[in-house]
Amino acid sequence: MTTAAQIIKQAMQDAGVLGAGKTPTTNDYTDNLERLNDMLEIWSLDTLAVPFRTQVSHTLDGSQSYTIGSGGDINTTRPTSIESAFVRDSSNNDSPVSVIKDRSFYDGIHDKSIVGEPGMLYYEPSVPLGTIYLWYVGSASYTLYLNTRGQLTSFPDTSTDVSL
């Protein structure tokens with residue numbers, strides 16, 4: 001884990017504008033936090049993705065779909081993609097879940113309400129919340145694990161720990 005303050009201090013030292021053992025001023029932190037966030041935004045707009053990978057989990061409740069993103073059913077940073085997934089049952093046994101990339105394949109499933117161990121999912125990376133569609137529909141005896149890829153977002157302040 002690191003903070004924007006650590007990145008800013010190191011960048012200032014590497015650029016030769018801050019001597020060893022010195023500490024940036026409050027104005028240095030404020031100005032450079034804005035520059036750091038501007039840089040991330042420019043990279044994002046220029047499609048120079050700054051990806052990160054993470055694993056999130058969610059206990060299933062029998063729903064056919066779940067929203068993912070800030071404030072969603074799975075409250076985390078909205079992923080740009082789901083690279084792989086698996087479910088864990090109440091006995092701690094893991095089973096893979098195939099990630100379907102083609103919406104028309106998911107749409108072609110006739111009965112999407114079958115309850116059982118999920119074997120496939122389709123991810124719609126909508127904004128602001130993405131949606132995960134499962135088939136079969138999993139009950140509360142399953143926990144879904146998602147290995148996701150996302151983009152770094154802006155730093156909220158200089159002191160919040162951020163996993164890079």
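Predicted model: local features only at pLDDT ≥ 70, side-chain atom pairs only at ≥ 80, totals over all residues.

Me: Which strands form a hairpin, and how many residues are between them?

Reply: Residues are numbered from 1 along each chain as its sequence is written, and side-chain values use heavy atoms, with hydrogens and water left out. Strands here are DSSP runs of E, at least two residues, numbered from the N terminus. S5 and S6 make the hairpin, with 5 residues between them.

Me: How many bridges join S5 to S6?

Reply: Strands pair if DSSP finds at least two bridges between them. S5 (residues 120-124) and S6 run antiparallel, joined by 5 bridges; Tyr123, for one, has Ile132 as its bridge partner in S6. S2 (residues 65-68) also runs antiparallel to S6, with 4 bridges, and Ser65 partners Tyr133 there.

Me: Which way do the residues of S6 point?

Reply: In a regular strand, side chains alternate between the two faces of the sheet. Here Gly130, Ile132 and Leu134 point one way and Thr131, Tyr133 and Trp135 the other, and all are buried (under 20% relative accessible area, 1.4 Å probe, protein chains only).

Me: Why does Ser95 count as buried?

Reply: Because its relative accessible area is 17%. Ser95 sits in strand S4 (residues 94-100). Leaving aside neighbours within four places in sequence, Ser95 is in contact (heavy atoms within 4.5 Å) with Phe86, Val87 and Glu117.

Note on methods
Buried < 20%, exposed > 50% of the residue type's maximum accessible area, 1.4 Å probe, protein only.
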